[in-house]
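Please find below a colleague's note for a reader who is meeting this structure for the first time. The points are numbered so that each can be checked against the structure in turn.

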Amino acid sequence: MTRADRGSVNGGASQGSDTSGPAAAATTALRRRSLADELRSWPVARLANLLAVRPDLAVPPPASIAALAERASQRASVALAMDRLDAFTLQVLQALAVSPEPVTASSTAALLGLPVQGEVAEAVALLRDTALLWGPDEGLRPLVNAREALGENPVGLGPPLASALNNSSPAGMQAFLRRLGLPATPDPVSAVGSISALAADPPRMRAVLDSAPAGVEAVLEKLVWGPPFGRINQPSADEEEATEETAEEPRGETAQSQAQALDSGESPLEWLLARGILGRWTEDTVVLPREIAFFLRRHVFGSGLHRDLASEPPPIAVVQHDARNADAAAGAAAIAVPRRVEELLDAWASGPPGVLRSGGAGIRDLRRTAALLDVPEEEAAFLAELAYAAGLVAADLASGFWLPTPAYDRWLDLPPERRWAELAAAWLVSDRAAGRVGAPDERNRQVAPLSAEVASWAVTELRRDLLAELDRLPPGATSPLEAVVDRLFWERPRRSGPAVRQLVDWTLREAVWLGLVAPVRGGAGILAAHGRGLLLGLSRDALAATLAQALPEPVRHVLIQGDLTAIAPGPLAPEVAREMALIADIESAGAATVYRFTTASVRRAFDAGRAAGDLHAFLAEHSLHEIPQALTYLVDDVARRHGRVRVGSAVSYVRADNDAALTEMLADRRTGGLGLRRIAPGVAVSELPPEELLEGLRTNGYAPMGENEDGSGAPVVVATARARRATSFHPYAVQRQALPGSAAVVGLAEELAAGG
């Protein structure tokens, strides 16, 4: 959870804290001996917010508070919650995990070199509200798995003194005390306690280091910020003098003889080892104890536990642009997405790609689809994954093909803006990282589109996080991409690095394709108004209305030219666009769509049930100028030839009004592969299905028309690709995160609070 999210968490440090006096605090501390005990004391609102900010805790719903506490303490859930912490809150958690007992907000703030009020108190409250930290104010306890997730040496710190000096003998421990000017103790445990007390007393510890020989601080500086281990006489390239000046510790001597040798002409490393300021970890390795590192970081080489305290997010430069132009540019891209998805799914309905044995579709099918849509393969993969996330396409279990689902027909009946809203909402919550398509997998094979390998656990939250960073900028503003990435990685430091950086690039590219972000040269892009609406969680209708505001008024006319092309000077009204796409092929899309009339496109309209008069009337109504003669001739010529020969099902048959026409067809050598044979004057049959026979005759220059099964000869509407749908499939499912304050989380919180 980031700082921007903290306002949604009710309570903060004040809720569940013991503020009624020392006696009440002690009683409460005894009563709350576990995280479950503490969660039982929380009000419903605070429990509801815990379930909202850690949604994995609510799926499946826990049966009791004890089950909730157990789930919240599990390693996977703790790691997921820590992944949502910003850099400063993570640093506070690190300080809490390494702070000596008893751990309090005050001791943690002192370790960080900050006042307890303000940012530290806010971070502690957040950690408590996310159940990563529990316990009374005078004894805070990070979860065990949170400590483990921070690693064995968090913040580059070494082990405590007791472990660092564990290889020293009792006599050696007393020698440490003598050289440090401390009184002798009865046992090694109390000796470690004396050295720890010295390290916690800055003036006394400073006086010890002031008496050290030259070079001691240089040795300590090489270990203080980590790693805390150093090898003796085996320096690395970047640690040249830390161990070059040292010699192996004498062996086979008594502690007293070792002390005498070290007291005369000691090197810096020998001086440190002789006083327990460094411990000997192995024969050739030394270690800086944690308590000594605390003192050095706070009072010698810095001002707190961390070398660089990330108390504030990195600054971000703002470059302002015209918000209306950005919205218009993004809107133009957005409104084109539903049309491309429709083209893709109509193509897959008529020529569907097969489902691979391992799931997904083939790379070759993707390439054919990209060529058909005239888009790069990466964008074709994105469109396919987008349709899958929206539930518009699925693997049909009966046929073994990827086919549109019945939901696709319902989607087609929506206005274009509403179609886009469905796609955008599905994209925001899906876990599909289309950028992985075509990349090598673990076996060095290309990742197939629509396969399980495309899913990514990190991409869902990354989408929302990236859009949120752009949303923080003023409307119409952008920032350099690297600045946005730096800010994003500050918000999620555990989700950073090259792999996540690649996901950022893919996510931003998809947001541009989807029309949420207007691209800007040299910048991360401008989040459009409808992109902000998506992030806010607007309803589909409200989101569609927001997009509509960014679009110009739809036009109802086209400019038809003599070369059989037509130009739409803007977005066409939906019903006009559908009819134009039926009569003509889309040659190029953009601010002005270019259509081309061909014999095949006009025949497609006739196959769909249109007559020549219908086409002439439509074109005359929606053309700004007189219809070119070439187009009139094309429509009439196709109409004259259309239906002279008709195909039905016998398996298949061909019936001609004129037996001479059938004789000519049967004698044509090009039709020999169609298996036609005459069974009566004017009638021939074939073993091919009607669709294949129609296509074969048309390929060889004939213009047959489909015929009704009753043979009435009435014009037939050829079955379109829209009729072929997946009948049995597993729908795409995504776990949707419940929002703070939603009825689902509040209801579950009430049940848990009532059950105890």
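1. A residue is called buried here when its relative accessible area is under 20%, exposed when this is over 50%, and partly exposed in between. The model is a predicted one, and with this cut-off in mind Glu379, at 10% relative accessibility, counts as buried.

2. Arg340 belongs to helix α18 (residues 323-350) and Glu379 to helix α20 (residues 377-389), so the pair ties together parts of the chain that are 39 residues apart in sequence.

3. A second salt bridge joins the side chains of Asp471 and Arg532, at 2.7 Å from N to O. This pair links distant parts of the chain, with Asp471 in helix α23 (residues 459-471) and Arg532 in helix α26 (residues 529-536), 61 residues apart. As for accessibility, Asp471 counts as partly exposed at 30%, whereas Arg532 is buried with a relative accessible area of 14%.

4. In a further salt bridge, Glu579 and Arg610 have their closest N and O atoms 2.7 Å apart. Glu579 lies in helix α28 (residues 574-583), while Arg610 lies in the loop between α29 (599-607) and α30 (612-622), so parts that are 31 residues apart in sequence are tied together by this pair. Glu579 is buried, its relative accessible area being 17%, and Arg610, at 29%, counts as partly exposed.

5. Some residues are joined in a network of salt bridges, namely Asp83, Arg84, Glu461, Arg494 and Arg495.

6. Which helix does α22 pack against, and at what angle? Helix α22 (residues 416-429) packs with helix α27 (residues 540-550) at an angle of about 115°, the two axes being 8 Å apart, and α22 passes α27 in a right-handed crossing. On the α22 side the contact is made by Glu417, Arg418, Trp420, Ala421, Glu422 and Ala425, and these meet Arg540, Asp541, Leu543, Ala544, Leu547 and Ala548 in α27. Sorted by class, the contact of α22 with α27 holds seven nonpolar and five charged residues, with no polar ones.

7. Turning to the sheets, four strands form an open sheet in the order β12-β13-β15-β14, with antiparallel pairing. β12 (559-560) and β14 (585-588) stand at the edges and have a single partner strand each, so one side of each is left without a neighbour in the sheet. β12 pairs with strand β13 (residues 565-568) over two bridges in the antiparallel sense, and Ile560 stands opposite Ala566 in β13.

8. Another open sheet has three strands in the order β3-β5-β4, and here too the pairing is antiparallel. Its edges are β3 (229-231) and β4 (279-282), each of which has a single partner strand, so that one side of each is left without a neighbour in the sheet. On average, neighbouring strands of this sheet are turned by 35° against each other, direction ignored. β3 is joined to strand β5 (residues 285-287) by three bridges, the two running antiparallel, and the bridge partner of Arg231 in β5 is Thr285.

Terms used
Residues are numbered from 1 along each chain as its sequence is written. This is a predicted model: local features need pLDDT of at least 70, side-chain atom pairs count only at pLDDT 80 or more; totals for chains, interfaces and linings use all residues. Side-chain values use heavy atoms; hydrogens and water are left out. Axes are lines fitted to C-alpha atoms, for helices over the stretch in contact, and angles run from 0 to 180 degrees between N-to-C directions. A crossing is left-handed if the near helix is turned anticlockwise from the far one by less than a right angle, and right-handed if clockwise. Contact means heavy atoms within 4.5 Å. Ala, Val, Leu, Ile, Met, Phe, Trp, Tyr, Cys and Pro count as nonpolar, Asp, Glu, Lys and Arg as charged, and the others, Gly among them, as polar. Two strands pair if DSSP finds at least two bridges between them. Buried means under 20% relative accessible area, exposed over 50%, partly exposed in between (1.4 Å probe, protein chains only). A salt bridge is a side-chain nitrogen of Lys or Arg within 4 Å of a carboxyl oxygen of Asp or Glu.
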